[in-house]
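Here is my note for your review. Please read the points with the structure open beside them.

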Amino acid sequence: MKPLLPGATLGILGGGQLGRYMAIVAQQRGYRVAVLDPQEDAPAHQVAHYRIVAAYDDPTALGQLAEICQAVTFEFENVPASSLEPFQKAGVRIHPGAKALAICQDRILEKTAINACDIETARWAPIRTEADLYGALERFGETGILKTARSGYDGKGQAKVRGTAHAIQAWKAMGAVECVLEEIVPFAMECSVLAARDVEGNCFTHPVCENMHTHHILDVTVSPARVSESAARAMRSRTARIAQELDYVGHLAVEFFVLPDGEVLVNEIAPRPHNSGHLTIDTATASQFEEHVRCVTGWPVLPYEMNVQAAAMSNLLGDAWEGGEPRWERLAEHPDVRLHLYGKAEARPGRKMGHITGWADCADEAERVVRNAREALKQDSV
Ligand code: AMP
């Protein structure tokens, strides 16, 4: 299949910050962009040529989008599989494909696919009945993390459980839907590997990102991660293997747990650009959004190198607006960082409003740079 040429239209399902960056890059490359999102003022709607304000399963809206675009992609994995049908019927290229999407939106299918590549995850069991839950708890020492098989993100749809009564109660509170129970992993670090794979099967991975979370939401990312070379190699090669097995086209991220002995386990796959990859916008030879747009429009993937020694990113959540507008003017004293804001009007606690990227000669220093810059934005900091 030939690459799409400038002038063609890329459709994006989902209008959050990931969709916004995809749209901006696509426009830089001469494409027109059509976004479908139910929120009128969604970050990607603000920059799109065509705005379709409708639900992701609205057949009329999907039909309209399929009519105007030559390629379609999505910025989140919970798009209903049926939403892809109008595009299939209209002969629009869909990347990543329906198979990768179906696998990545269901933790049971996802873990099964990962384990089928001989790649380790935390020990897990599918939970469909109370008996499944009893059996799994017994295997994992009466404790574990219960996660809904579908529709979870940023720690939503999951609970740490201890003992059968608590586990059953937590499962019922989730609506007794299909779940997985995972063994609790005593990890030393969480990491992600960003990767892009093109239609020809060429794949590049970015140096490993080290991710620090607060309340299950990504707080700070540092790359390259402060892990051994062998752990980094293992994570990068496993990511490429997973992309190949899924016949994946586009950008993806694989999240890992690194154990104290350096062993690595896959946590989950994000079939899209990833929050930890935001640092690539300012510090890599190609950003994760550039890689994604290239691959989904049929262009060859680009080498994915860092053009700094070490990069870091700190998220700006709505909480930063609690005491009023952050003190943006103070960033004038931090020329070594870049501010990104996503155009969201309402700053709710926990909502991702933007991020700060910084770089330095080593990971420790890059981390310090973005933490300091974020601290300076606080009303009461000096
Ligand atoms: P997830 O939505 O699966 O990425 O989980 C969100 C966060 O919960 C992860 O980033 C970890 O910090 C934590 N977590 C998830 N699964 C496990 C596990 N099996 N063991 C320990 N911590 C976990």
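1. **Main nonpolar core.** This is a predicted model. Its largest nonpolar core holds 27 residues. Those with the most contacts inside it are Cys191, Met235, Ile242, Leu246, Phe256 and Ile269. Five elements each supply at least two residues of this core: α4 (98–104), β10 (189–197), α8 (229–245), β14 (250–258) and β15 (264–270). Helix α8 gives the most, with six residues. As a general point, nonpolar side chains in soluble globular proteins tend to be buried together.

2. **Met235 inside that core.** Which residues does Met235 touch, leaving out those up to four places away in sequence? Its partners are Cys191, Val193, Val208, Val227, Phe256, Val258 and Val264. Two of these, Cys191 and Phe256, are also among the residues with the most contacts inside the core.

3. **Second core.** A separate core of 20 residues also exists. Leu4, Ala26, Val33 and Val35 are among its members.

4. **Cysteines.** How many disulfides does the model have? The count is zero. Take Cys104: the closest cysteine sulfur, in Cys117, is 11 Å from its own, so the gap is too far for a bond. The cut-off for a disulfide is 2.5 Å between sulfurs. Cys191 is in no disulfide either, and its nearest cysteine sulfur, that of Cys209, is 8.4 Å away. Both cysteines sit inside: Cys104 is buried at 7% relative accessible area, and Cys191 is buried at 1%.

5. **Second largest pocket.** About 480 Å³ of space lies in this pocket. Its lining has 21 residues. Leu317, Asp319, Ala320, Arg374 and Lys378 lie nearest the centre. Strands β13 (217–223) and β16 (310–317) and helix α11 (363–376) each give two or more residues to the lining.

6. **Cis peptide bonds.** Two bonds to proline deserve a look. His95 and Pro96 are joined by a cis peptide bond, with omega about -10°. Pro96 sits in the loop between β5 (93–94) and α4. Ser223 and Pro224 are also joined by a cis bond, with omega about 0°. Pro224 is in the loop between β13 and α8. Strand β13 also contributes to the pocket lining of point 5, and helix α8 to the core of point 1.

7. Glu142 is not a glycine, yet its phi is positive, about 65°. The residue lies in the loop between α6 (130–139) and β7 (143–148). Is Glu142 buried, partly exposed or exposed? Glu142 counts as partly exposed, at 34% relative accessibility. Asp247 is another case, with phi near 55°. Its place is the loop between α8 and β14. Asp247 counts as exposed, at 53% relative accessibility.

8. **Ala373 in α11.** Ala373 belongs to helix α11, an element that also lines the second largest pocket. Ala373 is buried, with 0% relative accessibility. Which residues does Ala373 contact beyond its neighbours within four places in sequence? They are Leu331, His334, Val337 and Ile356. The C-alpha of Ala373 is 8.4 Å from that of Arg330, and the two residues are 43 apart along the chain.

9. **An enclosed helix.** Why is α10 (residues 288–296) described as largely enclosed by the rest of the structure? Because nine of its nine residues are buried. The list runs Gln288, Phe289, Glu290, Glu291, His292, Val293, Arg294, Cys295 and Val296. Charged side chains are included there, such as Glu290, Glu291 and Arg294. Gly298 follows α10, and its phi is positive, near 90°.

10. **Gln88 in α3.** Gln88 lies in helix α3 (residues 85–90). This glutamine counts as partly exposed, at 45% relative accessibility. Setting aside residues up to four places away in sequence, Gln88 touches Ile94 and Ala98. Val296 is 208 residues from Gln88 along the chain, and their C-alpha atoms are separated by 15 Å. Val296 is one of the buried residues of α10.

Definitions and conventions: Residues numbered from 1 in each chain as written. Predicted model: local features only at pLDDT ≥ 70, side-chain atom pairs only at ≥ 80, totals over all residues. Heavy atoms only, no water. Buried < 20%, exposed > 50% of the residue type's maximum accessible area, 1.4 Å probe, protein only. Core = buried A, V, L, I, M, F, W, Y, C linked by side-chain atoms within 4.5 Å. Helix = DSSP H or I, 4+ residues; strand = E, 2+ residues; numbered from the N terminus. Contact = heavy atoms within 4.5 Å. 1 Å grid on protein atoms, 1.4 Å probe; cavity = no way out; pocket = protein on both sides within 12 Å on 5 of 7 lines; lining within 4 Å. Points joined across faces, edges and corners; volume = space filled by probe spheres on them.
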